[in-house]
Amino acid sequence: MELEAEFERVLAADQRVEPRDWMPDGYRRTLVRQIAQHAHSEIIGMQPEGNWISRAPSLRRKAILLAKVQDEAGHGLYLYAAAETLGADRADLTERLITGRQKYSSIFNYPTLTFADVGVIGWLVDGAAICNQVPLCRTSYGPYARAMIRVCKEESFHQRQGYELLATMMAGTDAQRSMVQDAVDRWWWPSLMMFGPPDAESANTERSVAWRIKRNTNDELRQKFVDMTVPQAAKLGVTLPDPELRWNAERGHHDFGTPDWDEFRRVVGGDGPCNAQRVAHRRTAHEEGEWVRAAATAHAAKRAAREAG
Ligand code: FAQ
């Protein structure tokens, strides 16, 4: 009881819960679920853009894209490490991902058809990720909050490179401009779905907000993203594909249309355009990396034996 009171005190004081502190089982389970999904998203999220590294239109764009995709690997690693502080086993999490028992963000199940998609992922997908992750810098679990601070700094660079890429294309030819508009049309609604189901259908939000794991609800963050993105779209000269999108002076926010939640459920359920390909690719990479893990384990064992003897 005393331990539980201390846990509640830490939350109420907006302090951080640390790995060795007592925490309710449900709090630990929720964190492992969210952090693992987040880590998996970063790792699977390397694939759509990775698809364009070898075909980037210049050395500069290739170097930028390579750095961005590499950052995503780093984010995945920080997050797996944060999950490990809760007692999760990294190999087990990977196994759950490649056997379809754990989720990753719906957004990465859509294909990247042209180089404009790289810009739109930076602008919209990283933009949505930042909106969602900045409040997570104040999440109640210390290692997750600290990982988010660094991740957010890198995501800001990602978002700006996307916007800059698109601004460059929009200043180019008509064909380039229509390529950008086509990419915006395809990615806008999936980006809104990144924030999760509407609050009324979100099974976890109420509990997670009470535990201060989530600092905002899904709908609050979705609204924030729309409000932030509309002026950027105007500046770029692209149209967001939503006829219901308009400023509502009374609310002080933009009104917007309803995402296709049936599509969201299908994609999360495994039936999106690229789900099978994404998981198969991850599984192959894992299997082909077996020798590296074996060599690293053997090396660590030899070193430990040397140090002991
Ligand atoms: N996709 O009750 P809620 C990035 C699931 S950013 C798939 O509302 P919760 C950076 C949810 O897990 C992307 N599944 O759930 C990058 C739950 O299922 P469960 C990753 C989704 O957790 C950029 C069920 O639906 N960011 O990677 C989605 O309270 C560019 C009911 O939903 C994060 O993970 C979805 N979109 O709220 C990388 C941020 N939405 O587990 C490369 C941290 C919901 O009960 C390139 N996560 N579900 O079986 C969060 O903030 C939360 O987990 C939410 C969902 C907001 C995503």
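I count a residue as near a molecule if one of its heavy atoms lies within 4 Å of it. With that cut-off I looked up the ligand first: 36 residues surround it, and the closest are Gln 37, Lys 103, Ser 202, Lys 214 and Asn 218.

A note on the source: this is a predicted model, where local features need pLDDT of at least 70, side-chain atom pairs count only at pLDDT 80 or more, and totals for chains, interfaces and linings use all residues. Residues are numbered from 1 along each chain as its sequence is written, and side-chain values use heavy atoms, with hydrogens and water left out.

Next I checked polar contacts (a pair of N or O atoms within 3.5 Å). A polar side-chain atom of Ser 202 is 2.7 Å from a ligand oxygen. The side chain of Asn 132 has an N or O atom 3.0 Å from an oxygen of the ligand. Met 193 takes part through its backbone, with an N or O atom 3.2 Å from a ligand nitrogen.

How much of the ligand does the protein cover? I find 89% of the 1,100 Å² of accessible area that the ligand has on its own (Shrake-Rupley method, 1.4 Å probe).

Then I sorted the shell around the ligand by residue class: 13 nonpolar, 14 polar and 9 charged, with Gly counted as polar and Asp, Glu, Lys and Arg as charged. Helix H2 gives the largest share, 6 residues.

How values were computed: A polar contact is a pair of N or O atoms within 3.5 Å; within protein, one must be able to donate a hydrogen and the other to accept it, and residues adjacent in sequence count only if both atoms are side-chain atoms. Helices (H or I, at least four residues) and strands (E, at least two) are DSSP runs, numbered from the N terminus.
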